[in-house]
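This report describes one structure for a reader who is new to it. Please keep the sequence and the three-dimensional view at hand while reading.

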Amino acid sequence: MPEMIIESPDEVVAFLKAQHNLIEDMFDQVLHATDPRAREKPFAQLRQLLAVHETAEEMVVHPRVRREVAAGDAIVDTLLDEEHSAKELLSSLENLDVTSQQFIDELIRLRDAVLAHAEHEEREEFPKLQRKLDADERKRLAGAVRAAEAIAPTHPHPGVESAKLNFAVGPFASMLDRARDLIGRATA
Ligand SMILES: [Fe+2]
Ligand SMILES: [Fe+2]
């Protein structure tokens, strides 16, 4: 994500929390854009960050929690459901006119859902991961999250939530998404 330089903490929980904060700021940027047309660019950045962030969690973070944390399955299943609904909302937003009131209404719904989801992760999942992994493991996991984000699809793909499906479908979807982004930018 070349346009989105953020301070990248080198430890997985700090890294993911920093992205949660960035996502919140980016919702504000879209909602408070100077005129309705100006929503387009920050929305494209937000959409991309959300897509790669959730995919990396699904490929790297949640599977680790399933393995390491007692009752991890129940925690992760709930988070995957939330991620699925958020992707569906994000997909439907992609088809709306950014200048419409409906876009704003749906965007607010998505923001509320995404922020509640991030809070659940920060409360239910991250502290448990933090306790289970030592500092070196947390750094290695941050590296894995970055690697997953670099190759993740840049558009939402509801229905692809398991790590297995992300590995199977992800690379092809990612290639198409990234080509679509390039073509879109070149022909806008
Ligand atoms: Fe998530
Ligand atoms: Fe997250």
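Ala 71 counts as exposed because its relative accessibility is 57%; buried means under 20% relative accessible area, exposed over 50%, and partly exposed in between, with a 1.4 Å probe and protein chains only. The residue lies in the loop between H2 and helix H3 (72-94). Helices (H or I, at least four residues) and strands (E, at least two) are DSSP runs, numbered from the N terminus. The phi angle of Ala 71 is near 65°, a positive value in a residue other than glycine.

This is a predicted model, in which local features need pLDDT of at least 70 and side-chain atom pairs count only at pLDDT 80 or more, while totals for chains, interfaces and linings use all residues. Residues are numbered from 1 along each chain as its sequence is written, chains are lettered from A and ligands numbered from 1 in the order in which they are written, and side-chain values use heavy atoms, with hydrogens and water left out.

**Domain record**

The UniProt record, an unreviewed entry, lists residues 13-129 for "domain: Hemerythrin-like". UniProt positions are given in the numbering used here, feature names are shortened, and annotations may be inferred rather than shown by experiment. Over residues 13-129 the chain is 85% helix and 0% strand, and the end C-alpha atoms of this stretch are 8 Å apart.

**The two iron ions**

Which residues coordinate the iron ion (ligand 1)? Its donors are Glu 54 (OE), Glu 57 (OE), Glu 83 (OE), His 117 (NE2) and Glu 121 (OE), at 2.0 to 2.2 Å. Donors are N, O and S atoms within 2.8 Å of the metal (3.2 Å for Na, K and Ca); water is not among the atoms, so sites may look incomplete. In sequence, the spacing of these donor residues is E-x2-E-x25-E-x33-H-x3-E.

The iron ion (ligand 2) is held by His 20 (NE2), His 53 (NE2), Glu 57 (OE) and Glu 121 (OE), at 1.9 to 2.2 Å. Its donor residues follow the spacing H-x32-H-x3-E-x63-E. The four donor atoms subtend angles of 82 to 176°, which makes the arrangement around the iron ion (ligand 2) irregular. Four donors count as tetrahedral if all angles lie between 85 and 135 degrees; four count as square planar and six as octahedral if opposite donors are over 155 degrees apart and all others between 65 and 115; anything else is irregular.

A distance of 3.4 Å separates the iron ion (ligand 1) from the iron ion (ligand 2), and Glu 57 coordinates both. Both His 53 and Glu 57 are buried. Because they are four residues apart in helix H2 (residues 40-68), about one helical turn separates His 53 from Glu 57. His 117 and Glu 121 are likewise separated by about one helical turn, since they are four residues apart in helix H4 (residues 101-132).

His 117 is buried, with a relative accessible area of 5%, and Glu 121 is buried at 0%. Glu 121 has no salt bridge; the nearest side chain of opposite charge, Lys 87, is 11 Å away. Here Lys and Arg count as positive and Asp and Glu as negative, while His and the chain ends are not counted. Leaving aside neighbours within four places in sequence, Glu 121 is in contact (heavy atoms within 4.5 Å) with several residues, including His 20, His 53, Glu 83 and Phe 126.

**Salt bridges**

Side chains of opposite charge can pair when their charged atoms come close. A salt bridge is a side-chain nitrogen of Lys or Arg within 4 Å of a carboxyl oxygen of Asp or Glu, and by this rule the count comes to 17. Three of them are listed below.

| Salt bridge | N to O distance |
|---|---|
| Glu 40 and Arg 37 | 3.5 Å |
| Glu 94 and Arg 47 | 3.3 Å |
| Glu 137 and Arg 64 | 3.6 Å |

Glu 40 is partly exposed, with a relative accessible area of 44%, whereas Arg 37 counts as exposed at 52%.

The side chains of Glu 94 and Arg 47 meet in a salt bridge. Glu 94 lies in helix H3 and Arg 47 in helix H2, so this pair ties together parts that are 47 residues apart in sequence. Glu 94 is partly exposed at 23% relative accessibility, and Arg 47 is buried at 9%. Both belong to a network of salt bridges that links Arg 47, Glu 94, Asp 177, Arg 180 and Asp 181.

Glu 137 and Arg 64 also form a salt bridge. This pair links distant parts of the chain, with Glu 137 in helix H5 (residues 135-151) and Arg 64 in helix H2, 73 residues apart.
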